[in-house]
Every structure is written in structure tokens, then in C-alpha cells.
Amino acid sequence: MRILSCLTLAAAFAIPTVAHADNIAGAGATFPYPLYAKWAEAYRAETGIGVNYQSIGSGGGIKQIKAKTVDFGASDMPLKPEVLDMAGLMQWPMVIGGVVPVVNVPGIKPGDLKLTGAVLADIYLGKVAKWNDPAIAALNPSLALPDQAIAPVHRSDGSGTSFIFTDYLAKASPTWKDSVGVSTAVEWPTGLGGKGNEGVAAMTGQTVGAIGYVEYAYALQNKMTYAQMQNAAGQFVTPDGASFQAAAANADWANAPGFHLVLTNPPGADSWPITGASFILMHKTQDEPETAKRVLAFFDWAYRKGDQMAEQLHYVPIPGKVVAVVEASWAKNMSDKDGKPVWTK
Amino acid sequence: MPVTPEQPARDALFLGASRLATWALLSLLLAILLTLVIGAWPALVEYGPSFLATDAWNPVEDVYGGLGALLGTIVTAVIAMIVGVPVAFGVAIFLTELCPWPLRRPIGTAIELLAAVPSIIYGIWGLFVLAPVMQSTVQPALAATLGQVPGLGRLFSGPPLGIGMLTAGLILAIMILPIVTTILRDVFQTVPPIYRESAYGLGATTWEVVWHVVLPYSRTGAAGAVLLGLGRALGETMAVTFVIGNAHHIKASLFAPGTTIASTLANEFTEAVGDLYTGALIELGLVLFGLTVLVLGAARWLLARTGLEGKAR
């Protein structure tokens, strides 16, 4: 009897999707995981349908959806339209978040330090190596900057956060674009690597003179010293919900083929410059249209009822007019084997 | 015991079972090797031997070289051995030869407990406790002393970051210490008491007993203990990932961040996109496999050449 119940328990953990045929399964990006988990919990309470999301990383999510082992994949890096076409996939933005530079310099308090994209790129290129470098001092005439070596901290694992950050640096600095480039993992010219947002946060906190970049939520939770950034309009902005929202509102999703749009350095006087969306990936042709419909119903629910939960966790919800564009693309692009649209609403 | 009719059948069964276990182990090893080669194939074909000639690690351009990780693995393991092994010998000799009897059990148990601490705990301790001390005190002191020596000074130059190859090596030294100490103590205890007593009876000092009786008798076992420690240092993953700084470029200074093969795999495998990236990571695994075989083989050969193996049993 005891063995039997143990076995049942083991089976329930091992293959949850089989145990409940109604459940949906997804895998991918770690950055939106706290939000997707919260949405899943609330959705289950409301509808009884479980969403099993595994935060194995964007790269893993892309592999799993290509292999069709999950119902949906999630990635912080949008796939290029030609890559999507080749794999028969479609993507759309699910939530927006901000990446924040954090520093550990004695005497500097949160929001004190002002940086531009070009200076940030030079720091990560190793060209600006001391905190009292004239380039930093010129932006911060009122601060007493120490003669301390800068230790730039980056992600050691591949990460959507790094993609957003390097994309921004490439837009701010031609040298960065040519010599390093943009990806979830790049050949960092200098600095220390930490694993995960928490690794970068910990390493920055432990190393005097360090500068790192983390998701906004991590900077808040760890009470880290964030910096102000100059945006495309030339204004210095503080990272918060309002500046992320401004960045999201100024993005032109309707004219981005395959929703391939990176939100970094957007226009607008209030926009936070290092902002990015997290994406959902699904197959355009669905072998099991009923399952696909259930998945889309979950995302539709999240768009309509999940905004408050997103804001509680310091994410920025997708603006309503963008949701309309996304749902129109579901109806247009996703069908079953006979070409019948999956999403009709 | 009387021989029963079933005896030969049982013997045959036991022989078969143990033979099967041995072959299963060996074929598992071969299967691992085969899997590594198949997984690394795209990278093996693309880069050939030049994979080990460069420290480039560029996922954007899909150019990978394993030299940085290989060198980091060897350098951190060497630091760990230089710092850890003498201390382990000291502790083991103290425990078997010098320690008052009532204290031997408690100290021995404490060291065994240290060996059971999960490696991630060492990593967290290294990042939150050791690294700040290294940055504020140890590294500036090293730079002011050893850093001024011509030639050698380059190893101790550059800005003190706290996190880097030296800190990783020290964490590894602390991690291999309990396991090497415990095995050394057990090995030293196998020296028959009559040898020790004879030596003491002849008027030998404790030092002479250790140097001329205990160590020669237990040389093979001691070498085994050191090799096990080296094996752990080469393959250690999480603790190193925390404190090494995870940078692929080779720098002359031990203060600079580096990376090891195991920590590179732990960091990058989940998010590696594309056959070449994954292949290059698996090829790193293959290199570590080869390195371990090489180290173990070299040690066996050294022991055999000096005629110590077997004789000292």
C-alpha cells in the first residue's frame, strides 16, 4: 500500500502533463519565470487548468519548442523572422522588464550616479577602468568619485538579460557593435562573470568598485545602488515602473514583422533606455489544436487579468493596443493541419 | 565449512556477477567517451587541434577555443595542491602521531564532517566571506610583497578584485583538505605499530619515525590520497563558479578572473544555442576527460617507475 502510494506520488511528479490531460506545459526564459508561475497559480485557482512552466533558460526553451516536447516556449531574445519561418514558429511579446546598472562604490547612494550608454560601453570594454575617470567625472560633477579600479560584472551564463544589455551597448557605442556584438552570450572583453541575476547581484555586492546589470526586481530586492541612465532624448532617467512603461508605450509593435522588436534605446523623454520584452514561441501549424487553444486561452487570460500581478512583481504589462495586434496575429497565423484557424474570438 | 554440492554453482554465479559488474563499469566508461565524441563532433570537425591553441570564446561569431578553460583548470588545481597537500599531510601526521588520544576521535570526526559539506556551501562562503577579505587584505599584501619580485611579480599584479583564479585555488585547497586528510590518516594508521615501536625503541625522534618509517611505508596510499584530491580539484564545479569570475581570456595575473572547464559547462550549457556552441562545450568535457586520464596515467607510471607500487604494501 505504502509502495503503491509512493509510486503514485512519483508518477505525479514525473509526468504531470499525462496525469491531467487538461494541463499545458511550457519551458524557457528564466527572467519572466516568477510572473508566469504566479499567473499559473491564479489561473489554476480560477479554471482548474494547470500550467507547468519550467525556467530552463531561453536557449533550452527554443530547443524544446522546436522538438515539440512542450506546448509553448519562452525566450527573452526575439527570433528573427527568417528563423521563425524556417522552424515553422511564431512569437509574440508577453511581458516587459527593465535592466538596471547597479554599482558598488563607497559613498555612492542609489540614483546618485549618472551614466550614458557610451560611457557604460567603455566601462565594459575596459577603456574606462577607474571610477575617477574624466568620462565618469564629467557626468557627475557633484560626486566624490574614488580612485578605485572598476570591476565590470556580467552574466556568465547565456541570458536574455545579457541580450538586452549588449543590444543597448551596441546601439550606444559603434566600437561595442563592431568588436563585441549582440547576443545572449558574448566574448566579454574584461570583467567578472556571475551566474544568473542573483550571481551578478551577489558578485557586485561583494566586490568594491564593481558595476553590474540585473533585472529591476533583483536590484530592488537586494537594495542595490542603481544608476541613472541617459535615454535617447538626452534626459537622465531613474529606473522604475513609469520609465519602463514609457519605453514600452513608445515601441512600434504593429510594424515589426514577426514581432521582432528589441525595445532598447526607445524614443521619449521619460523612457528607460535598457528595456526588453520576453517572448512566447509556438508552432504555426498545430497537430493538437485543442491543446493550442487551451494555451492561447491562458495567455489571453494573462493579458486581460494579469496586469496587476505583473506590476506587483515589477514587470510592465503589454499595453492594450499591442495585445489586440498580438491576438489578431494568433487568429491569422496559427492553424491546425487542415488550415483551420485555432484562435477564433 | 563442509563443501556442499551447491558450492561450485554458487562460485560460478558469483564469478559471473562480479565479472558482469566490471564489464558494465568499463562499457559505461566507453559509452561516456563515445557520447562525448559524438556530441563534440561538430566542433572537432570545425576547429580540429586548434581548439586547444586559442582562448577565444565568442558565441556571437561562433569561434571557440578551450585554452582559457584548460589552463584555468590546471592553474587552480595546482594552487589547490600547493596550498592544500602540505597542510593535509601536517594534519594527518598530527592526528596519527602527535595528537593526545582523547582528542583524536573528535578532531577526526570534525574533519570527516567537513568532507561532507556540499561544495556549494564552500562557494557561497568563498564569495561572501573569503572574496572581500582577499580584496581588502590578502591581495594588496601579496602585491606589495611577492608582486615586487621580478618575473614572479606578474602573477600577483593588477587590481585586487577578490574574485579570480587565486581565490578559486584557495577555495579548492580548503575543499580537498578534508578528503585528503581523512585518507592520509587512514593510510598512516595502516603502518603496523611494531614498526613504530621498534623505531622509537632504537631511540628515533618523532620526526625520524614519520620520515623514515611511516611515510615510506605508506607512499602508495599517500599518492592515492593526493590523486583523489587532485581529481576533485580538477572536476569541482559550483564552488569554483562562484569565485573564479568566469572569464575565458588568459591573463598573467592570478588576481585576474579566469574559468575552468567544469565551471564553463555549468555556466553555459543550458543556454548554448546551435550545434557549434554545444559541440565546443562537449569538446571541453572531452578535454577534461582526457586530462583526468592523463593525470591518473602519469601518476601510475611515476609510481611504477620508482618501483614503489606493490613494494610498500
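Leaving aside its neighbours within four places in sequence, which residues is B:Val180 in contact with? In this predicted model, they are B:Gly84, B:Val85, B:Ala88, B:Ala225, B:Val226, B:Leu228 and B:Gly229, where two residues are in contact if their C-beta atoms, placed from the backbone, lie within 7 Å. Because the model is predicted, local features need pLDDT of at least 70 and side-chain atom pairs count only at pLDDT 80 or more, while totals for chains, interfaces and linings use all residues. Residues are numbered from 1 along each chain as its sequence is written, and chains are lettered from A, with ligands numbered from 1, in the order in which they are written.

B:Val180 and B:Leu172 touch the most other members of the largest nonpolar core, which has 178 residues. Such a core is a set of buried Ala, Val, Leu, Ile, Met, Phe, Trp, Tyr and Cys residues joined through C-beta atoms within 7 Å; a residue is buried if 20 or more other C-beta atoms lie within 10 Å of its own, exposed if 12 or fewer, and partly exposed in between. Helix H5 (residues 165–189) of chain B gives the largest share of this core, 16 residues.

Chain B as a whole has eleven helices and two strands, these being DSSP runs numbered from the N terminus (helices H or I, at least four residues; strands E, at least two). From the N terminus on, the order is α-β-β-α-α-α-α-α-α-α-α-α-α. The C-alpha trace of chain B spans about 70 × 60 × 35 Å along its principal axes, and 36% of its 313 residues are buried. Among contacts in chain B between residues at least 6 apart in sequence, 77% join residues at least 24 apart.

Two helix pairs of chain B can be followed in turn. Helix H1 (residues 7–47) and helix H11 (residues 275–305) of chain B pack at an angle of about 125 degrees, with their axes 7 Å apart; axes are lines fitted to C-alpha atoms, for helices over the stretch in contact, and angles run from 0 to 180 degrees between N-to-C directions. H1(B) and H11(B) are therefore oblique to each other, since angles under 35 degrees count as roughly parallel, over 145 as roughly antiparallel, 65 to 115 as roughly perpendicular and the rest as oblique. The residues of H1(B) that meet H11(B) include B:Leu33, B:Trp41 and B:Glu46, and their partners in H11(B) include B:Asp275, B:Gly279 and B:Phe289.

Helix H6 (residues 193–201) and helix H7 (residues 206–217) of chain B have axes that come within 10 Å and cross at roughly 155 degrees, and H6(B) and H7(B) are therefore roughly antiparallel to each other. B:Tyr195, B:Arg196, B:Ala199 and B:Tyr200 of H6(B) make the contact with B:Glu208, B:Val209, B:Val213 and B:Tyr217 of H7(B).

Between the chains, the contact takes 28 residues from chain A and 25 residues from chain B. On the side of chain A that touches chain B, helix H4 (58–66), strand E7 (192–194) and helix H10 (196–206) each supply at least two residues, and the largest share, four residues, comes from H4(A).

Elsewhere in chain A, helix H6 (residues 117–125) is mostly covered, with eight of its nine residues buried, among them A:Val119, A:Asp122 and A:Tyr124. Just after H6(A), A:Gly126 takes a positive phi of about 85 degrees.
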